[in-house]
Amino acid sequence: MAIYFDKETKTFFLEGKSVTYAFFINNVGYAEHLYFGDKIGRDCLMFTRGALRGSHEACVPGRMPMGIESYNKMGCELSFFGTGDFRECTVQVEREGGNRLCELTYAGHEILDEKPPIDGMPSMRGTRTLVLHLYDEKAGFGADLFYTVYDDCDVIARRIEYINCSGEDIRLHRAYSFAMTLPNDKYDIISLYGGWANERQIERTPLHHGVFDVNSKRACSSACLNPFISVVGRDTTEDFGTAYGFMLVYSSSFALKCEHTNGGDVLVTGGINDFDFTWTLADGEKFSTPEVIIAHSSSGIGGMSRTLHDALRNHLIPKKHRVAPRPIVINNWEATYFKFTTEKLCAIADASANLGIDTFVLDDGWFGVRENDTSGLGDWVVNEEKLEGGLDAVISHLKGLGLKFGLWFEPEMISENSDIFRAHPDYAIGAPDRQRCKTRKQYAMDLTRADVRDYIVNSVNSILQNHDISYVKWDYNRCPTEFMSATLPKERQREFHHRYALGVYDLFERIVNANPDVFFEGCASGGARFDAGVLAYFPQIWTSDNSDVHMRTAIQRGTSIAYPISASACHISAVPNHQTGRTTPFTSRQHIASLGPTGYELDMTKITDEERELVKRHTEWYRGIEELILTGDVYRDSYRTDGNVSSVTVVAKDKSQAVTVCYRALNLINTSLVRIRPRGLSASKSYYCPELALTLSGSTLLNVGIIPSFANCDFATLVYHFEEK
Ligand code: GLA
């Protein structure tokens with residue numbers, strides 16, 4: 001891992017595990033992107049600039065006519081508005097008097113040994129960091145571009161700080177986190193779209209000329225489009241070819257744009273969504289943008305996923321949860337919904353004891369007055385009328401059973417029918433002259449306000465400090481709709497989306513980070529806030545409210561494109577499934593729910609003796625493969641990915657063991673046999689597979705594959721283990 005500056009050619013070489021990222025400062029001081037890909041020599045790359053010639057473009061101010069040097073044609077690290085660059089700009093700034101022109105050129109650089117954190121926002125940990133200073137003298141406006149490289153994964157972490165030194169207020173109309181150009185080629189874009197109970201579906205579309213835009217305007221990342229895109233070669237597959245990944249470490253309104261320009265090159269840029277955004281920056285102030293993680297792989301989409309998984313696990317997710325076993329929970333939500341008593345909860349706990357489950361999680365409905373979803377949110381006071389003996393009665397019963405206690409909160413929300421709303425209706429986001437929109441019959445709190453955040457922090461922390469709670473499920477069931485705050489001055493209302501994000505992170509700091517002994521799991525109506533910003537605080541996130549084997553297979557597959565399976569919490573729920581009405585085998589539910597931190601979400605008092613035995617066997621087996629799930633490399637099969645059969649293999653880093661989970665949706669008669677190739681195994685090792693009762697060489701398994709003989713039913717799964725011999 002090195003950051004090297006060639007003084008002669010003014011080229012920066014940022015070298016990671018097996019990648020080089022290169023850009024240089026050209027003769028007008030512009031930071032021109034040259035290369036990001038497999039590691040190369042520290043050669044002069046000026047020969048790659050041929051495309052700049054002969055075009056009829058606006059030339060760099062003060063330079064030769066005929067567009068020999070046009071900002072519009074140069075590779076870029078940051079693009080700006082008003083000096084001949086017509087691509088998506090990275091920053092647009094307006095000075096007093098309305099001048100929006102900008103030209104940011106080299107003003108120096110520093111190489112730091114430690115990566116500085118971002119004020120008020122999550123980011124990757126790291127060491128060697130380049131800070132590139134760009135400045136526009138006439139505007140009194142600067143941009144510091146931060147680049148961090150890693151020696152254990154092929155990513156570059158980037159972000160920008162914008163600085164106002166103009167002596168007056170300026171307004172940022174766009175303040176993205178990065179820009180980068182890819183060489184002219186035919187590319188596809190992979191994005192993750194969806195909705196409630198159908199999160200992170202994979203969509204691959206050809207990149208056309210013009211702008212491809214993935215965004216959120218919801219002040220949360222949302223289930224609709226994830227803050228992630230991958231740009232892949234048109235012929236890239238799961239296993240072969242070039243793939244770039246761009247992931248924002250951000251949980252509010254975002255934009256990721258990919259522009260196939262008229263010049264042929266492809267510009268990728270993004271960060272905070274500039275829709276409904278203007279930020280006033282006073283003289284001397286800095287504006288920090290969220291981080292973007294940029295990954296490169298030349299071993300296909302799978303390689304890019306594994307690169308991102310390593311980056312997030314090693315450098316973003318709280319360190320202490322990297323390999324430590326996770327709680328195996330029993331959650332009462334689908335067993336009882338809001339209708340429970342202390343007695344019922346204790347009965348579920350009794351039925352869950354001695355099965356390898358270690359934590360009982362009490363979901364929604366324990367606080368305020370909350371018999372359904374119309375009331376109580378924000379009143380974080382135990383409802384002892386409903387829960388006789390309060391939380392402590394449940395906790396002490398659990399202790400007797402050797403179980404720990406977990407609790408559900410939805411800290412960012414408020415019900416109209418709640419004591420807190422009656423006392424402080426202004427705590428809910430809304431406009432004074434309009435009715436507020438309800439989503440799931442509730443309002444979102446105004447997290448841009450310090451007093452609202454203080455209220456939340458104090459009431460949640462007081463529950464955590466006064467009870468023996470080892471786990472929290474932090475839910476978030478709606479996004480804001482009225483993007484304004486009663487306390488922001490009118491010229492700052494368009495700062496709402498980002499100020500809201502800063503408010504969310506402030507809560508995470510003061511509740512999650514302030515309670516280091518509590519294990520926090522993220523949740524948002526299922527997986528509607530599954531992003532790297534949340535993962536910086538929460539080691540795992542509830543993947544989806546949909547735990548139906550068939551749909552979950554696709555949801556988990558899509559999630560694993562960008563996020564490690566160690567982050568994807570998965571539960572076994574009852575059949576018929578509450579979301580899809582589908583009935584699937586118990587063991588299939590167990591296998592699919594083991595491709596992530598596992599748990600149960602059904603009424604344990606209602607399962608059969610045979611199923612109890614299966615639970616016992618499952619939890620024991622899961623603990624045996626848990627380290628693989630938390631730290632292994634994931635290989636999705638590339639065969640029939642949208643078909644009837646799919647498989648996922650998780651391989652230990654040292655390739656000494658692996659587990660393959662195969663799934664077949666429908667039991668079709670007389671159709672061709674499917675081979676599963678457990679990729680990721682070492683061709684030169686030998687593996688014992690207990691299910692086949694055979695020792696086979698890795699090369700045989702990889703090339704010949706295995707033919708799974710599924711049970712004679714729909715929605716069947718099969719698991720194969722491979723242990724080095
Ligand atoms: C959300 C979550 C569920 C459950 C309910 C409780 O929908 O995703 O798991 O906690 O809220 O209201």
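How many nonpolar, polar and charged residues does the lining of the largest cavity have by class? The lining has 8 nonpolar, 5 polar and 2 charged residues, where Ala, Val, Leu, Ile, Met, Phe, Trp, Tyr, Cys and Pro count as nonpolar, Asp, Glu, Lys and Arg as charged, and the others, Gly among them, as polar.

The model is predicted, and local features need pLDDT of at least 70, side-chain atom pairs count only at pLDDT 80 or more, while totals for chains, interfaces and linings use all residues. Residues are numbered from 1 along each chain as its sequence is written, and side-chain values use heavy atoms, with hydrogens and water left out.

**Cavities and pockets**

The structure holds 5 cavities of 30 Å³ or more; on a 1 Å grid over the protein atoms alone, a cavity is a set of points where a 1.4 Å probe fits but cannot get out, a pocket is an open set with protein on both sides within 12 Å along at least five of seven lines, and lining residues have an atom within 4 Å of a point. A volume is the space filled by probe spheres set on the points, which are joined across faces, edges and corners.

Around the largest cavity there are 15 lining residues, and Thr553, Gln556, Arg557, Leu595 and Val648 lie nearest its centre. Two or more residues of this lining come from each of helix H9, strand S31 (633-636), strand S32 (645-651) and strand S33 (657-664), and H9 gives the most, with 4 residues. Helices (H or I, at least four residues) and strands (E, at least two) are DSSP runs, numbered from the N terminus.

| Space | Volume | Lining residues by class |
|---|---|---|
| Largest cavity | about 160 Å³ | 8 nonpolar, 5 polar, 2 charged |
| Second largest pocket | about 490 Å³ | 11 nonpolar, 10 polar, 7 charged |

The second largest pocket has a volume of about 490 Å³, and of its 28 lining residues the closest to the centre are Leu34, Leu182, Pro183, Asn184 and Asp265. Strand S4 gives the most to this lining, with 7 residues.

**The sheet that holds S4**

Strand S4 also belongs to an open sheet of 4 strands in the order S1-S2-S3-S4, with antiparallel pairing; two strands pair if DSSP finds at least two bridges between them. Strands S1 (2-6) and S4 (31-38) stand at the edges with a single partner strand each, so one side of each is left without a neighbour in the sheet. S1 pairs with strand S2 (residues 11-15) over 5 bridges in the antiparallel sense, and alanine 2 has glutamate 15 in S2 as its bridge partner.

Strand S34 (residues 686-689) pairs with S35 over 4 antiparallel bridges, and serine 686 stands opposite serine 697 in S35.

**Packing of H9**

Helix H9 (residues 549-562) packs with helix H1 (residues 300-315) at an angle of about 70°, with their axes 6 Å apart; axes are lines fitted to C-alpha atoms, for helices over the stretch in contact, and angles run from 0 to 180 degrees between N-to-C directions. H1 is therefore roughly perpendicular to H9, a term that covers 65 to 115 degrees. By class, their contact (heavy atoms within 4.5 Å) has 6 nonpolar, 3 polar and no charged residues.

Key
Parallel < 35°, antiparallel > 145°, perpendicular 65-115°, else oblique.
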